[in-house]
2 protein chains.
Amino acid sequence: MKTVRISLAQVNSVVGDIAGNSQKIISYIKAAKTIQADIVVFPELALSGYPPEDLLLKPHFIKENNLYLKRILKASEKIVTILGVPYAYKHKLFNAAAIIYNKRLLGFCKKIQLPNYGVFDELRYFDSGEAACILAFKTGLRVGVNICEDIWHAPGLAQTQSLKGQSSIIINISSSPYHANKIHLRQRLLAKRAKETRNFIAYCNLVGGQDELIFDGASMVIDPEGKVVARAKQFCEDLLTVDIVTSKRTRKFYSRVSTSLRLERIRIAHKITRKKIDILNRIEKIHKPLAEIYDALALGLKDYVAKNGFKRVILGLSGGIDSALVAAISTDAIGKNNVVAILMPSMFSSKETQNDAKRLAANLGIKLWVIPINNIYKQYLMTLREPFGSRDVDITEENLQARIRGNLLMAFSNKFGYLVVTTGNKSELSVGYCTLYGDTAGGFALIKDVPKTLVYKLARFKNEKEAKEIIPKSLFKRAPSAELKKNQRDQDTLPPYSVLDSIVDAYVQKDKSVAAMLKAKLSKKAIRGVVALIDKNEYKRRQYALGVKITPKAFGRDRRMPITNKFTQ
Amino acid sequence: MKTVRISLAQVNSVVGDIAGNSQKIISYIKAAKTIQADIVVFPELALSGYPPEDLLLKPHFIKENNLYLKRILKASEKIVTILGVPYAYKHKLFNAAAIIYNKRLLGFCKKIQLPNYGVFDELRYFDSGEAACILAFKTGLRVGVNICEDIWHAPGLAQTQSLKGQSSIIINISSSPYHANKIHLRQRLLAKRAKETRNFIAYCNLVGGQDELIFDGASMVIDPEGKVVARAKQFCEDLLTVDIVTSKRTRKFYSRVSTSLRLERIRIAHKITRKKIDILNRIEKIHKPLAEIYDALALGLKDYVAKNGFKRVILGLSGGIDSALVAAISTDAIGKNNVVAILMPSMFSSKETQNDAKRLAANLGIKLWVIPINNIYKQYLMTLREPFGSRDVDITEENLQARIRGNLLMAFSNKFGYLVVTTGNKSELSVGYCTLYGDTAGGFALIKDVPKTLVYKLARFKNEKEAKEIIPKSLFKRAPSAELKKNQRDQDTLPPYSVLDSIVDAYVQKDKSVAAMLKAKLSKKAIRGVVALIDKNEYKRRQYALGVKITPKAFGRDRRMPITNKFTQ
């Protein structure tokens with residue numbers, strides 16, 4: 001029976017802020033020492049921030065990481081520090097875990113499974129490690145270290161570490177991008193791996209927002225029976241300290257070791273001593289589904305604002321449900337004093353929507369400007385009278401209005417330094433039901449990955465959470481409208497959102513063919529129409545701002561479709 | 001001494017248009033049969049178009065390729081057809097060359113070296129082949145087939161084919177993205193490989209524009225001495241037919257075969273017969289540097305317009321050199337009747353620039369609308385008077401004007417179905433000297449990869465080519481200005497373009513650090529300022545339209561930088 005105390009330091013790194021990240025890392029090492037941890041663990045590439053993308057191609061970026069790694073060494077007295085860093089060796093670059101002890105760099109455990117699908121491009125940057133890494137403590141304790149994707153494959157590295165390496169604990173450092181419900185997937189997988197290997201698994205995940213990605217934290221320790229014995233918070237920094245009591249190694253389930261990996265032992269002189277402090281292995285609650293998505297969106301905005309040097313945001317309030325939700329999340333994320341709204345009514349804006357927008361702003365306690373656009377709009381029409389001649393009024397005039405609003409929002413942004421948050425949802429973006437440079441103008445598209453049906457649920461969730469009507473009830477009842485012409489409703493040109501969202505899910509997320517969808521009894525007419533719109537509007541998505549990924553497949557780096565494309569099946 | 005007749009069918013495929021591409025392929029097979037070719041060769045992934053990106057993740061896309069491959073078989077009587085296709089086998093997907101003869105599919109040669117750098121993401125989609133492929137003709141002729149990147153590595157596949165496989169000809173099918181001067185690089189490389197292997201190399205390259213990529217064709221045959229014996233045209237479809245006379249195999253330079261690749265023989269019953277037609281191995285000229293870039297840009301626009309169902313384009317003419325060049329290239333690409341220009345003067349537009357814009361439009365013979373923006377601009381200022389209060393006039397008011405112009409251009413686009421071509425150059429885009437949703441509004445950013453210094457050279461080239469002043473001389477002399485406030489000049493806020501372009505080249509293209517640039521004696525003050533601007537303006541580039549890549553590293557898929565990024569060295 002041996003007890004080892006492990007601290008999982010779930011930090012919020014900033015990509016490229018190596019100096020800032022290293023200071024944060026050092027402060028967490030100190031905190032872990034204060035509670036007499038034997039090992040402190042940081043997430044994948046915690047020093048550089050994740051994902052650093054093409055910064056990794058700059059040799060001086062790698063050097064800078066090295067430089068700060070050396071400074072961190074000094075803080076590592078009497079505590080084993082496991083830290084995610086990029087590591088260059090002989091013209092190769094590795095995604096590695098630096099193993100540090102007593103001011104010395106003992107070695108690097110290199111990531112073997114490099115993901116190159118979905119949002120990942122790791123084969124663009126990294127070479128694959130070739131050894132299963134084992135920390136061999138003087139006391140006999142043996143700990144396997146691996147990195148993110150390494151633990152997703154079985155039989156794989158974890159089996160090798162447990163069987164060949166005789167480990168009783170496996171530490172996995174991760175930067176695992178969030179999507180809704182992923183924590184349950186992760187937890188099931190880690191439990192499975194723990195049971196297979198009869199090891200404790202200590203999983204340290206990154207937290208924070210980085211462009212379109214959210215990292216949700218929730219680092220955890222799972223025992224060899226597959227039971228969660230400790231879990232850190234979701235969506236915020238946390239230091240989770242756990243006492244792990246390892247018994248004699250028991251039988252392994254897997255008799256076969258999958259890989260022909262070399263075993264690499266890193267010997268550690270650290271002697272685990274009797275502890276003076278009692279540690280309670282705490283298990284933080286997991287968010288319920290809607291709360292989880294809501295908080296993910298809030299963290300995404302908060303971090304984008306803070307990490308890019310903004311303070312305040314501005315958004316257009318239309319009196320519709322989308323902008324209402326965006327305003328509510330923004331207020332929760334950065335505070336009501338940092339959210340400014342503009343209502344920009346035209347001759348097509350109803351009294352009801354204008355009043356709802358005002359009521360919402362009052363409920364949230366945010367500043368609201370009312371800036372009518374009629375005069376500007378009329379001036380455009382006069383200016384275009386000659387070239388347009390006797391042509392019919394069409395979508396051109398609708399887009400003019402949306403672009404006037406985009407221009408006004410950007411003027412506020414330029415004059416006051418606000419970040420413009422756009423309010424379009426995933427359903428609209430899928431079919432291009434939006435005006436490029438109009439309602440799409442802005443730096444952060446908060447709900448671009450949230451389908452319309454989920455927008456309603458999240459808005460309802462917000463009201464329920466506050467136990468009062470923050471978002472006016474009428475918004476849930478009124479038929480959605482862009483209000484760009486008289487008596488316009490979204491459903492004049494689009495199928496009902498419940499149908500639209502199911503088609504988007506099948507076609508975009510699941511890559512179903514039209515033929516397969518027809519078999520699945522989705523509305524025939526709707527399918528053809530929606531699929532054609534999705535394909536045709538890739539050009540709009542290409543110029544759209546980034547926003548928080550909350551589904552398994554978001555538009556952007558997750559789905560790389562050509563604009564020039566004749567395949568529509 | 002054996003003669004074999006090979007036709008290189010340098011086709012312009014459309015991504016996703018499998019039916020259309022297969023018709024084109026069949027017509028080229030017929031043409032090759034007419035001149036009694038023994039072998040007809042098509043580029044890499046010619047059937048699907050290249051690059052198909054995430055279409056490759058759709059199982060029904062792969063099935064559709066298979067379906068049309070079967071139809072192509074029927075056309076292959078008495079001619080060996082080598083065709084680039086995606087090939088799925090046992091849960092793996094390969095980038096392959098289908099080998100077809102007498103209506104039968106004889107096998108697939110699979111790509112081994114999968115590029116995953118720069119613009120390439122092939123490891124996202126494909127598995128690597130494991131065999132060196134040899135076509136073993138009944139007559140004794142042995143031909144190695146490999147795909148694009150396969151031939152760039154040495155010692156590599158070509159050596160294996162030549163030594164183990166006893167080939168005397170190596171056929172390489174490529175879809176090699178263009179950048180300026182790359183043809184010389186390619187030709188040197190192929191010549192080197194020919195000499196090393198003592199093989200003829202028949203290189204068939206794709207032609208055409210696909211989103212930001214251009215494929216420049218210039219397929220060629222190189223003899224074992226490294227001499228070009230035949231070359232197809234640049235930038236257009238071509239069928240290059242060559243008689244290759246192979247002698248007894250001579251000594252190979254390389255004694256060592258690099259790879260432990262299995263050898264895969266595809267036996268071909270085709271008997272080469274005496275030819276009735278005389279073939280002259282023609283060698284098309286290579287474009288001179290500026291002509292090459294000019295034609296690449298023209299092809300990029302022409303194909304984007306045609307492949308996306310447009311007919312006409314519209315652009316804003318400012319009287320400056322950038323929009324003048326864009327107008328000239330557009331006119332050459334799609335004809336003067338398909339190019340519409342708008343001049344949108346404000347109170348800050350000088351008489352000189354307005355007159356120059358008019359003269360240019362007259363010289364090109366394109367339609368010009370003159371739409372003053374003063375009234376609209378004033379209306380915006382009045383509308384914003386209250387919220388802006390007594391704040392100073394600043395960049396906000398400049399951006400307002402640019403965005404009014406963007407809105408007007410888009411209104412023309414919406415009303416008449418024109419594609420808006422934006423006119424910003426690479427220097428401006430690097431440092432963000434442009435207005436998002438203003439001058440950046442549009443669907444195709446023709447010269448986004450052309451630095452300002454090169455813009456001047458290309459404009460001069462155009463005038464020299466026509467031997468008259470198409471682009472007015474005054475544009476070359478006048479200091480560049482955005483004309484968004486009184487007496488404004490680009491060089492008030494930016495270093496001279498020659499300095500700016502050299503910094504962009506060092507920092508963006510060559511990934512130099514600030515420290516290294518300082519050593520290289522670039523202007524100290526300029527470096528710090530320009531680098532900061534480049535880093536800060538990633539968000540603008542992310543929302544920019546795509547445009548033709550002409551340098552080794554264009555903004556876009558070539559350079560994947562985080563927006564949230566604190567690393568600026």
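This is a short talk on how the two chains of a predicted model pair up, and on some packing inside them.

Ground rules to begin with. Residues are numbered from 1 along each chain as its sequence is written, and chains are lettered from A and ligands numbered from 1 in the order in which they are written. The model is predicted, so local features need pLDDT of at least 70 and side-chain atom pairs count only at pLDDT 80 or more, while totals for chains, interfaces and linings use all residues.

Start with the symmetry. Chain B superposes on chain A by a rotation of 180°, with 0.0 Å of shift along the axis and an RMSD of 0.0 Å. The two copies are therefore related as by a two-fold rotation axis. In chain B, the C-alpha nearest that axis belongs to Gln543(B), 2.1 Å away.

Now the interface. Contact means that the C-beta atoms of two residues, placed from the backbone, lie within 7 Å. On that basis, 66 residues of chain B are in contact with 65 residues of chain A. Which helices of chain B each supply at least two residues to that side? They are H2 (59-73), H5 (289-307), H8, H9 (385-388), H10 and H17 (538-542). H10(B) gives the largest share, eleven residues. By class, the side of chain B that touches chain A has 29 nonpolar, 20 polar and 17 charged residues. For the classes: Ala, Val, Leu, Ile, Met, Phe, Trp, Tyr, Cys and Pro are nonpolar; Asp, Glu, Lys and Arg are charged; the others, Gly among them, are polar. The copies meet through the same surface, because 98% of the interface residues of chain B are also interface residues in chain A.

Next, helix packing in chain A. Helices here are DSSP runs of H or I, at least four residues; strands are E, at least two; both are numbered from the N terminus. Take H8 (374-383) and H10 (395-416) of chain A. Their axes lie 10 Å apart, and the angle is about 130°. So H8(A) is oblique to H10(A). H8(A) contributes Ile376(A), Tyr377(A) and Tyr380(A), and H10(A) contributes Leu400(A), Gln401(A) and Ile404(A). That contact has five nonpolar residues, one polar and no charged.

A word on the geometry. Axes are lines fitted to C-alpha atoms, for helices over the stretch in contact, and angles run from 0 to 180 degrees between N-to-C directions. Under 35 degrees is roughly parallel, over 145 roughly antiparallel, 65 to 115 roughly perpendicular, and the rest oblique.

A second pair in chain A: H15 (497-509) and H17 (524-536). Their axes are 10 Å apart, at an angle of about 60°. That makes H15(A) oblique to H17(A). Among the contact residues are Val499(A) and Leu500(A) of H15(A), and Ala526(A) and Ile527(A) of H17(A). Here the tally is ten nonpolar, no polar and no charged.

Last, the domains. Chain A divides into domain 1 (2-268) and domain 2 (289-483 + 538-542). The bounds come from an automatic or database domain assignment. How far apart are the centres of the two domains of chain A? They are 40 Å apart, taken over C-alpha atoms. Ten residues of domain 1 of chain A are in contact with eleven of domain 2. On the domain 1 side, strands E10 (207-210) and E11 (213-216) of chain A give two or more residues. That side has five nonpolar, four polar and one charged residue.

Notes
Least-squares fit on C-alpha atoms with pLDDT ≥ 70 in both.
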